[in-house]
Number of protein chains: 2
Amino acid sequence: MVTLGVLISGRGSNLQAILRAIADGRLSARVAVVVSNIEGAPGLAHASAAGVPTVVISHRGWPSREEYDAHLVGVLRAHHVELVCLAGFMRRLTPVLIDAFPHRVLNVHPSLLPAFPGVDAQRQALEHGVRVAGCTVHLVTPTIDAGPIVLQACVPVTDDDTVDTLAARILEEEHRVYPEAIRLVSEGLGRVEGRRWISTGRTAPLSDADGRG
Amino acid sequence: MVTLGVLISGRGSNLQAILRAIADGRLSARVAVVVSNIEGAPGLAHASAAGVPTVVISHRGWPSREEYDAHLVGVLRAHHVELVCLAGFMRRLTPVLIDAFPHRVLNVHPSLLPAFPGVDAQRQALEHGVRVAGCTVHLVTPTIDAGPIVLQACVPVTDDDTVDTLAARILEEEHRVYPEAIRLVSEGLGRVEGRRWISTGRTAPLSDADGRG
């Protein structure tokens, strides 16, 4: 059973998907803490309703991103977090956090990376005119949206799609693959090799899965 | 019934897929000529077996790409070609050919563009570590692999994929979507708007489909 910390900035619909997967028995995990950088983020109420402790750490007033992240690491460690899951956390992370949880920070991005990194991925996809879109769960590295890919899922783009209809279709897939990717990483069913996640299909202890634990 | 010219350099498996789609009645078209820049390309024999005239225009010995393309345009025009389909044609086209068939040159590329343009797309995808790959049928513009996207299809990448197994899985999808994309373009079921192909789902005459005919 892996101990998760989930970081949100808004409604945290992927947090809810993770909590559902745990409740359904699809994911053997416990969310030890939900951290939001935004006071009153709707996801905080969902976490509380599920009995999950919440912490708000405003991003305002810190002398540097590094000091913010150092404080965040302290909060996650205090809750014995083993795996950090970004769920709509609108902050760029520094190596201070990433190195504190080597190969143990996951993010979900609403595009088939490496296509359309960064903000407004769904709009980028529509404006580019792609006919297939999707989402990517990846390990977080200091380069935004470029870490090893654990899972991806694709969806069609329809002729009458707007950013909202496409985003909703992609979000359904995010909710499906994010808990599954958490399971793969937490059960050690793969390892990081260069810039790739190599699925091994063989369980290894969480702390040894990347040879650094 | 649209008149096609198909350009190949090798086995031309997509040519065979186009010929099958025509034979099956999925595509109302006639392949008027198959052009190869390589003498003895295996696809030439397939074309001949199907009763399709073939022409070899070696790329060697031309003073410029433009003069090669001008000759190619002459051959295509002589066969009354309306829509040019690249099927593994390993030559970069110049505006001489592209402008002779405005929005009427199609290519299929073995990746989900804009990811992995250029050569060895399947290897690029594997090395990047994506979990979803695919193919793209697009209109050809002078910028390689960047023209308006007509259709895309995705395939999973499996843990034990090699470049060959992934390429074979993608190729099956190429064979499925390329004839369908030819149908969409030739029946005028879309138009080009900026860098996008906008599917309209409404038939327009081929010559007026892009407002330039």
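Start by selecting the two sides that meet: 23 residues of chain A are in contact with 23 residues of chain B, where contact means heavy atoms within 4.5 Å. You are looking at a predicted model, in which local features need pLDDT of at least 70, side-chain atom pairs count only at pLDDT 80 or more, and totals for chains, interfaces and linings use all residues. Residues are numbered from 1 along each chain as its sequence is written, chains are lettered from A in the order in which they are written, and side-chain values use heavy atoms, with hydrogens and water left out.

**The interface**

The two chains bury about 1900 Å² between them, 59% of it on carbon and sulfur atoms; buried area is the accessible area (1.4 Å probe) that two parts lose on being put together, summed over both. Now pick out Pro114(A), His128(A) and Arg131(A), which supply 28% of the area that chain A buries against chain B, more than any other three residues.

Which elements of chain A give two or more residues to the side that touches chain B? Select helix H5 (121-128), strand S7 (149-156) and strand S9 (196-199) of chain A. Helices (H or I, at least four residues) and strands (E, at least two) are DSSP runs, numbered from the N terminus. S7(A) brings the largest share, six residues.

Colour this side by class and you will find 14 nonpolar, four polar and five charged residues. Here Ala, Val, Leu, Ile, Met, Phe, Trp, Tyr, Cys and Pro count as nonpolar, Asp, Glu, Lys and Arg as charged, and the others, Gly among them, as polar. Between chain A and chain B there are zero salt bridges, a salt bridge being a side-chain nitrogen of Lys or Arg within 4 Å of a carboxyl oxygen of Asp or Glu.

Next, go back to Pro114(A), in the loop between strand S5 (105-109) and H5 of chain A. The peptide bond leading from Leu113(A) to Pro114(A) is cis, with omega near 15°. Jump to chain B, where the bond from Leu113(B) to Pro114(B) is cis too, with omega near 15°. In chain A, stay in the loop between S5 and H5 for Phe116(A): this residue has a positive phi of about 60° although it is not a glycine. Most residues other than glycine have a negative phi, and most peptide bonds are trans.

**The cavity**

Finally, show the residues around the largest cavity: 26 of them line it, and Leu112(A), Ala115(A), Leu112(B), Leu113(B) and Ala115(B) lie nearest its centre. A cavity is a set of points on a 1 Å grid over the protein atoms alone where a 1.4 Å probe fits but cannot get out, and lining residues have an atom within 4 Å of a point. Its lining divides into 20 nonpolar, six polar and no charged residues.

Definitions and conventions: 1 Å grid on protein atoms, 1.4 Å probe; cavity = no way out; pocket = protein on both sides within 12 Å on 5 of 7 lines; lining within 4 Å.
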